[in-house]
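Q: Hey, can you walk me through this structure? I'd like to start with the pocket.

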Amino acid sequence: MKIDDKDMRPIWLNDDKTTVQVIDQRVLPHKFIIADLKTVDHVITAIKEMFVRGAPLLGVTGAYGVYIAAINASDKTIPDDYLIKECNRLKASRPTAVNLAWAVDKVLAAVLKEKSPSGKIDTAGIQAAKIDAQEVENCRNIGEHGVSLIEKISREKNGSTVNILTHCNAGWLACVEYGTATAPMYAAFEKDIDIHVWVDETRPLNQGARLTAWELGRQGIKHTVITDNAGGHIMQHGMVDIVIVGTDRTTGTGDVANKIGTYLKALAAKDNNIPFYVALPSSTFDWTLKDGIKEIPIEQRNPDEVRFVQGLDDNKLRKVMITPENSPAADFAFDVTPARLVTGFITERGICRATPNNIKELFPEKF
Ligand code: MRU
């Protein structure tokens with residue numbers, strides 16, 4: 001994605017290979033700050049505090065985190081038990097998006113096969129870069145497959161605007177490039193299909209209002225930010241043709257964990273006969289789980305995220321309290337949409353219905 005004519009990604013390894021650099025997403029769109037991650041503690045803070053967020057990006061960050069652990073080992077032999085401990089700390093930093101543990105474990109498994117310290121460092125770097133590149137390719141393919149859904153609606157509407165609703169940010173900021181839910185939108189835009197995106201603000205941290213709106217705006221895609229509760233109303237009034245969201249963890253049976261509020265959008269979509277699609281790379285499937293509601297760990301974050309909102313005031317970023325000072329609040333970060341409410345999945349291998357059999361047709365090796 002171009003930022004001020006410069007190709008940018010939300011994460012990269014700097015030229016001297018000692019620092020991972022990330023766009024600090026906490027302050028977008030009002031400030032553009034790049035943060036340096038030089039230690040495993042820096043990486044963990046960036047994940048917990050959400051400098052970086054979104055399932056695929058959490059995976060890529062975790063993967064580079066293993067590399068950072070390897071280059072920072074105080075015992076220059078880089079003992080296996082040290083690496084395993086650091087990887088466990090990385091994996092524990094956010095619980096819901098399965099990509100994080102998946103990517104950390106993948107890099108760790110390759111590194112543990114190496115005996116020499118230089119072999120361990122090189123392997124960690126190579127594996128992290130590989131996961132990074134693979135996620136970019138996955139998202140590109142999600143775009144190629146998903147655009148067919150938008151094309152079909154556009155044809156049915158004789159070329160008039162296709163209205164897409166999305167929740168949270170499943171864009172390039174969440175994924176390195178293209179995004180998952182946004183990839184079909186960017187592909188449609190490239191093909192000159194007339195689209196308009198309803199962007200849920202996505203309280204409490206407003207990833208829709210802050211990040212998705214920023215991304216789409218920079219790309220020149222028509223969009224409108226709406227309150228989280230507006231979706232049902234605009235669906236009832238024929239103003240939404242398709243819902244496309246991302247996910248943090250999806251079971252092999254088709255249950256989808258995504259940003260809090262996704263479930264309510266799926267219910268409203270079902271009630272209004274609107275297709276509800278989930279775009280995801282295979283790294284977001286958790287093949288070990290069967291029942292998403294019972295088994296997917298749902299992160300609970302600091303209630304202050306609910307009690308305060310952040311915004312720009314007099315060119316300064318400020319947080320203001322919106323609740324009575326002593327009112328308790330609760331911050332459930334994700335919810336689970338059962339497979340029965342999901343029309344289909346858009347994956348790097350194609351589109352399928354949200355049933356184990358249909359998922360299995362695309363990913364037979366996982367069953
Ligand atoms: O808490 P966040 O911002 O990490 O939550 C992100 C989401 O819920 C995204 O929709 C999901 O990770 C998919 S990203 C392609």
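A: By class, the largest pocket's lining has 6 nonpolar, 4 polar and 8 charged residues. Here Ala, Val, Leu, Ile, Met, Phe, Trp, Tyr, Cys and Pro count as nonpolar, Asp, Glu, Lys and Arg as charged, and the others, Gly among them, as polar. Keep in mind that this is a predicted model, where local features need pLDDT of at least 70, side-chain atom pairs count only at pLDDT 80 or more, and totals for chains, interfaces and linings use all residues. Residues are numbered from 1 along each chain as its sequence is written, and side-chain values use heavy atoms, with hydrogens and water left out.

Q: Which residues lie nearest the centre of the largest pocket?

A: Glu49, Leu205, Glu305, Gln310 and Lys319, out of 18 lining residues. A pocket is an open set of points on a 1 Å grid over the protein atoms alone, with protein on both sides within 12 Å along at least five of seven lines, and lining residues have an atom within 4 Å of a point.

Q: And what gives the most to that lining?

A: Strand E15 (308-313), with 3 residues. Helix H12 (304-307) also supplies at least two. Helices (H or I, at least four residues) and strands (E, at least two) are DSSP runs, numbered from the N terminus.

Q: OK, new topic. How many cavities of 30 Å³ or more are there?

A: A search of the whole structure finds 2. A cavity is a set of grid points where a 1.4 Å probe fits but cannot get out.

Q: What's the volume of the largest cavity?

A: About 180 Å³. A volume is the space filled by probe spheres set on the points, which are joined across faces, edges and corners.

Q: What lines the largest cavity?

A: There are 25 residues, with Arg53, Gly54, Ala55, Asn169 and Asp248 nearest its centre. The largest share, 3 residues, comes from H2.

Q: Speaking of H2, how does it pack with H4?

A: H2 (residues 55-71) and H4 (residues 98-111) pack at an angle of about 30°, with axes 7 Å apart. Axes are lines fitted to C-alpha atoms, for helices over the stretch in contact, and angles run from 0 to 180 degrees between N-to-C directions. H2 and H4 are therefore roughly parallel (angles under 35 degrees).

Q: Which residues of H2 meet H4?

A: Ala55, Pro56, Leu58, Gly59, Gly62, Ala63 and Val66, with heavy atoms within 4.5 Å counting as contact. By class, the contact of H2 with H4 has 10 nonpolar, 3 polar and no charged residues.

Conventions: Angles under 35 degrees count as roughly parallel, over 145 as roughly antiparallel, 65 to 115 as roughly perpendicular and the rest as oblique.
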